[in-house]
Amino acid sequence: MTGRSSRLGRLRRMVPESRAGRPVEVRGARPRRRGTQPKVVALGGGMGLSASLAALRRITGDLTAVVTVADDGGSSGRLRDELGVLPPGDLRKALAALCGDDDWGQTWARVIQHRFQSKGDLHEHAVGNLLIVALWEQLGDHVQALDLVGKLLGAHGRVLPMSAVPLELQALVKGHDPERPDEVDIVRGQATVALTPGEVQSVHVVPHDPPAVPEAVEAVLDADWVVLGPGSWFSSVIPHLLVPELSDALTETKARKVLSLNLAPQPGETEGFSPQRHLEVLGRHAPKLALDVVLADEAAVPDRDSLTEAAKRLGAAVELGPVARTDGSPRHDPELLAAAYDRIFRMHGRIGPWR
């Protein structure tokens with residue numbers, strides 16, 4: 001057994017028996033018939049992950065979100081600085097996306113997303129952030145607290161942080177200072193990296209060898225499908241590949257892997273990126289990672305042949321289909337995205353009991 005495999009084995013043994021490999025039963029969720037649905041793990045952060053979760057909860061009841069913990073802006077950043085906790089904001093957004101479409105789910109989704117407006121210290125704090133942090137302090141367990149919030153909301157799935165410690169995102173950026181366009185600077189902090197006017201060349205996290213949450217590793221190893229993206233490429237998608245134990249699990253899992261591309265480059269960190277360039281930078285950060293499918297909206301792919309070639313280098317086929325909202329905004333439509341994922345799972349998956 002290699003050192004890497006041995007480390008993953010130790011992580012699996014760290015998962016409490018009451019949780020290991022067992023999705024949490026949550027109020028309001030669809031009944032889970034063992035062996036009839038694919039186990040899906042979605043990785044990311046922010047609104048990109050929320051879009052994926054809103055789609056995936058429509059086609060499977062065995063869904064786990066693994067969420068980045070490098071946010072340092074807004075309410076999350078303030079709580080992180082003041083209390084030394086994981087930034088709760090992306091975890092909150094994932095929980096809201098997993099809420100059902102019934103009155104209970106939609107009411108709680110609005111409540112946890114609500115932000116206070118005041119002239120005092122509560123200004124712009126999100127209710128869900130405060131609730132999550134309060135439960136962390138009460139229970140002393142990140143996973144148990146998030147599971148409890150999920151039960152309260154009736155979430156159609158489970159939400160886990162990717163690491164047990166808050167991370168700092170750092171990037172090498174060419175031209176971060178417009179007055180020095182040819183110089184490369186180290187830019188620190190997810191919020192700053194996401195909005196840099198320069199060209200992001202690479203990213204890494206501090207600490208450089210952060211511990212993965214054992215339940216997140218377990219979920220990836222036990223999955224039928226792993227979904228990566230869409231989302232902010234350098235600040236929400238790639239960070240999962242920078243946590244060694246999680247990256248190892250993504251390499252070793254027998255799950256099929258689908259990468260969901262963004263509908264448009266993000267102002268700042270991926271300004272001017274083509275769809276194929278997104279794949280190229282992903283491959284540079286995780287050279288051992290192989291994919292099975294790259295999903296993109298046909299209208300967002302001006303050069304299909306170049307994207308196909310870039311996907312082949314990662315071992316993947318390209319699936320094109322309408323997944324964008326019809327109002328012209330660069331946002332995914334949950335129903336169309338759900339249909340695309342369902343088609344991919346059936347066409348590219350191994351013969352599974354859910355078919």
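# Reading surface patches and burial in a predicted model

Tutor: Asp72, Asp81, Glu82 and Asp121 form a negative surface patch. The model is predicted: local features need pLDDT of at least 70, side-chain atom pairs count only at pLDDT 80 or more, and totals for chains, interfaces and linings use all residues. Residues are numbered from 1 along each chain as its sequence is written, and side-chain values use heavy atoms, with hydrogens and water left out.

Student: What are patches made of?

Tutor: Patches consist of residues with over 30% relative accessible area and no salt bridge; like charges are joined within 9 Å, and nonpolar side chains (Val, Leu, Ile, Met, Phe, Trp, Tyr) within 5 Å. A salt bridge is a side-chain nitrogen of Lys or Arg within 4 Å of a carboxyl oxygen of Asp or Glu. Lys and Arg count as positive and Asp and Glu as negative, while His and the chain ends are not counted. The place of a charge is NZ of Lys, CZ of Arg, CG of Asp or CD of Glu.

Student: Where is aspartate 121 found?

Tutor: Aspartate 121 lies in the loop between helix H5 (103-113) and helix H6 (127-139). Helices (H or I, at least four residues) and strands (E, at least two) are DSSP runs, numbered from the N terminus.

Student: Does aspartate 121 count as buried or exposed, and why?

Tutor: Buried means under 20% relative accessible area, exposed over 50%, and partly exposed in between (1.4 Å probe, protein chains only). Aspartate 121 counts as exposed because its relative accessibility is 72%.

Student: Which residues form a nonpolar patch on the surface?

Tutor: Leu172, Val184 and Ile186 form that patch, with about 220 Å² of accessible area together. Such areas come from the Shrake-Rupley method with a 1.4 Å probe; for residues, only the protein chains shown count as cover. Leucine 172 belongs to strand S4 (residues 168-174) and, at 31% relative accessibility, counts as partly exposed.

Student: Which residues does serine 236 touch?

Tutor: A contact means heavy atoms within 4.5 Å. Leaving aside residues up to four places away in sequence, serine 236 touches Gly44, Gly45, Thr68 and Gln190. Serine 236 sits in helix H10 (residues 233-237) and counts as buried, at 5% relative accessibility.

Student: What is the place of glutamine 276?

Tutor: Glutamine 276 is in helix H12 (residues 275-285). With 13% relative accessibility, glutamine 276 counts as buried.

Student: How many helices and strands does the protein chain have?

Tutor: The protein chain has 14 helices and 10 strands. Of its 355 residues, 53% are buried.
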